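Q: Before we turn to the particulars, could you show me how to read the features of a model like this one?

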Amino acid sequence: MDDSHLLFAAALLATGASPSSNSETQIKVAGDFLVTSTEQTKFEFVHHQAVADLLQNHHLIVCMALSSDIARAVQSNPNIGFVVPADGTWISLDCIVAFAPNDAHQKEIGEDFINFLLLPSGAAEIANYSFKANTDRRERAFLEPAIKFDPAYQSTTYGLSPLRMSNQDQFQQQIFHQIPPEIATEPSSSD
Amino acid sequence: MIESLRAAGRLGDLNFQNIPNRKEVEDEFTALPFDPSASSYVPLTWRTVGIAYNVAILDETPRTWSDLFTPISPDR
């Protein structure tokens, strides 16, 4: 994946540090680890949307990837696997915002539209198309079964309750989570 | 992005009376560090970052981020 911030954060985790570490020593260790790793392996940055194809044609064997991209790819290629590492991961969250009143001339219409997007059937339609998990707790009943039971999608919809947000672990706009072992290791095939 | 837009005064508060479905949003998404008041945004979709791999080639399932950096074979 072509995200140097996340790659470096993964290197921090791989060297035993927090992905939000400010320690000069830990950052140096992670940097050296990253340099050494890239020298020992065939390593490349690719756009996240190209990851699935490159896995499928064996150009890549292991890579950092977004769950939505892999959930989509798994529909046509069961040889692609996806795991949430046991030492944690990041959640990328898409939000809708309201611009300041001087910039938003029809704010009420915008709010109506946001409310429409949050209807369970509408939220599920978005998930069925984008393979992203939805924040609406009622949405799952409307999901396509192929998506609902896909391992990559399940890794995002397993239930947020065990995945507590932490201010200390905030990394840029990404949120880092400690993943409980039962979720990190074997995605369940049940809902 | 939300944090920087708020700091620049470019975001307004949403009127949640016009967005009744917001009450169905998972609680974990409604008081995020970049806007503890949760007044200027509605979280809609999300995804995780993980390790993808070719099941047909890789003998062992990756478990930690260290596995991302482990050479598969002398030439890969």
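Q: Which residue of chain B does N134(A) stand opposite?
A: In this predicted model, N134(A) stands opposite T45(B), which belongs to β1(B). The pairing of the two strands rests on 2 bridges, and these join strand β4 of chain A (residues 133-134) to strand β1 of chain B (residues 41-54), the two running antiparallel.

Q: How many residues of each chain are in contact across the interface?
A: On the side of chain A there are 84 residues, in contact with 58 residues of chain B. The area that the two chains bury between them is about 6,700 Å², with 60% of it on carbon and sulfur atoms. As for specific pairs, the rule finds 18 residue pairs in polar contact across this interface, counting those with both residues at pLDDT 80 or more, and it finds 0 salt bridges there. Strand β3 of chain A (residues 89-97) gives the largest share of the side of chain A that touches chain B, namely 9 residues, and that side divides into 45 nonpolar, 24 polar and 15 charged residues.

Q: How many helices and strands does each chain have?
A: Chain A has 9 helices and 6 strands, while chain B has 1 helix and 1 strand. Buried residues make up 51% of the 191 residues in chain A, and 51% of the 76 residues in chain B. Among contacts between residues at least 6 apart in sequence, 51% of those in chain A join residues at least 24 apart; in chain B, residues 24 or more positions apart account for 39% of the contacts with a separation of 6 or more.

Q: Where are the salt bridges, and how many does the structure hold over all chains?
A: The structure holds 3 salt bridges over all chains. One of them joins the side chains of D32(A) and K28(A), at 2.8 Å from N to O, and these residues lie 4 apart in helix α2 of chain A (residues 24-40), separated by about one helical turn. K28(A) is exposed, at 52% relative accessible area, whereas D32(A) is partly exposed, at 39%. Another joins K107(A) and E111(A), at 2.9 Å from N to O, again with the residues 4 apart, this time in helix α5 of chain A (residues 107-117); K107(A) is partly exposed at 22%, and E111(A) is buried at 1%.

Q: What does the salt bridge between D94(A) and K132(A) tie together?
A: The closest N and O atoms of D94(A) and K132(A) are 2.8 Å apart. D94(A) lies in strand β3 of chain A and K132(A) in the loop between α6 (120-130) and β4 of chain A, so the pair ties together parts that are 38 residues apart in sequence. D94(A) is partly exposed, with a relative accessible area of 27%, and K132(A) is buried, with 17%.

Notes: Residues numbered from 1 in each chain as written. Chains lettered and ligands numbered in written order. Predicted model: local features only at pLDDT ≥ 70, side-chain atom pairs only at ≥ 80, totals over all residues. Heavy atoms only, no water. Contact = heavy atoms within 4.5 Å. Buried area = accessible area lost by both parts, 1.4 Å probe. Salt bridge = Lys/Arg side-chain N within 4 Å of Asp/Glu carboxyl O. Polar contact = N/O pair within 3.5 Å; in protein donor to acceptor, adjacent residues only side chain to side chain. Nonpolar A, V, L, I, M, F, W, Y, C, P; charged D, E, K, R; others polar. Pairing = 2+ DSSP bridges. Buried < 20%, exposed > 50% of the residue type's maximum accessible area, 1.4 Å probe, protein only.
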